[in-house]
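Trainee: Before I rely on any label given to a part of this model, could we go through the terms one at a time and set each against its cut-off?

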Amino acid sequence: MKICVRDAFASHCYRKEYSFVFDNMDLSDFTAGATADTVHTHAVIEASDGNVTCRLTIKADFNAICSRCASKFILPFSVETVKQIKKHDTGEFEDAIYVDAGGCFDIVCEVQSQICFEFPAKPLCSEDCKGLCPVCGCDLNKSSCKCDTRIPDRRLDVLRKLIDNN
Ligand SMILES: [Zn+2]
Ligand SMILES: [Zn+2]
């Protein structure tokens with residue numbers, strides 16, 4: 001899906017809006033396996049005197065897996081960013097969108113890279129998710145167990161040795 005901004009570069013005052021609903025966008029490479037049925041994208045291209053920007057808004061509900069308790073949950077995701085649009089890679093704007101020879105860019109690529117950039121590395125079903133018991137594996141959000149989960153502090157080993165030696 002290409003957006004053509006050739007006219008924007010030639011215009012002193014330019015504004016154009018685009019809305020897309022992407023179904024089944026391939027995102028699993030960018031979201032550690034989380035998927036979204038639909039990705040809503042809104043792009044506003046604005047230009048004044050050759051300075052062209054794209055305000056990109058992305059919204060999607062992801063079917064994610066909690067990195068602590070492994071339960072499935074819906075992760076509402078939304079991001080808004082403004083990017084410069086450049087004709088060619090000048091090396092100055094690393095985060096800019098660069099158009100092809102025809103003055104267009106692929107909005108799908110931009111949405112994918114924004115999601116890749118902003119998606120949490122370790123999604124959590126809730127900020128205070130208690131996770132799984134490391135001993136018996138029960139979900140500590142739903143049940144409790146009597147396992148001893150204290151992790152021995154390795155730094156104390158040195159002290160223990162000193163005490164033993166005396
Ligand atoms: Zn969780
Ligand atoms: Zn346990």
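The conversation below takes the labels in turn, from the whole chain to a single residue.

Mentor: This is a predicted model, in which local features need pLDDT of at least 70 and side-chain atom pairs count only at pLDDT 80 or more, while totals for chains, interfaces and linings use all residues. Residues are numbered from 1 along each chain as its sequence is written, and chains are lettered from A and ligands numbered from 1 in the order in which they are written.

Trainee: Which elements count as secondary structure here, and in what pattern do they follow one another?

Mentor: Helices (H or I, at least four residues) and strands (E, at least two) are DSSP runs numbered from the N terminus, and by that count the chain has three helices and seven strands. Read along the sequence, the pattern is β-α-β-β-β-β-β-β-α-α.

Trainee: Why are strands S2 and S6 said to stand at the edges of the sheet?

Mentor: Two strands pair if DSSP finds at least two bridges between them, and the open sheet of five strands has the order S2-S3-S4-S5-S6, with mixed pairing. Strand S2 (13-23) and strand S6 (97-98) each have a single partner strand, so one side of each is left without a neighbour in the sheet. S2 and S3 run antiparallel and are joined by 11 bridges, while 12 bridges join S3 to S4, also an antiparallel pair. Alanine 43 of S3 is the bridge partner of tyrosine 18, and alanine 43 also stands opposite leucine 56 in S4. The hairpin of S3 and S4 has two residues between the strands, and aspartate 49 in that turn has a positive phi of about 50°.

Trainee: How do you know that histidine 42 is partly exposed?

Mentor: A residue is buried if 20 or more other C-beta atoms lie within 10 Å of its own, exposed if 12 or fewer, and partly exposed in between. Histidine 42 has 14 C-beta neighbours inside 10 Å, so it counts as partly exposed. This residue lies in strand S3 and, leaving aside neighbours within four places in sequence, is in contact with Ser19 and Thr57.

Trainee: What makes a group of residues a nonpolar core, and which residues have the most contacts inside the largest one?

Mentor: The term covers buried Ala, Val, Leu, Ile, Met, Phe, Trp, Tyr and Cys residues joined through C-beta atoms within 7 Å. The largest such core has 26 residues, and Val5, Val39 and Ile45 have the most contacts inside it. Its largest share, seven residues, comes from S4. Beyond four places in sequence, valine 5 is in contact with Ile45, Val52, Ile85, Val99 and Gly103.

Terms used. Two residues are in contact if their C-beta atoms, placed from the backbone, lie within 7 Å.
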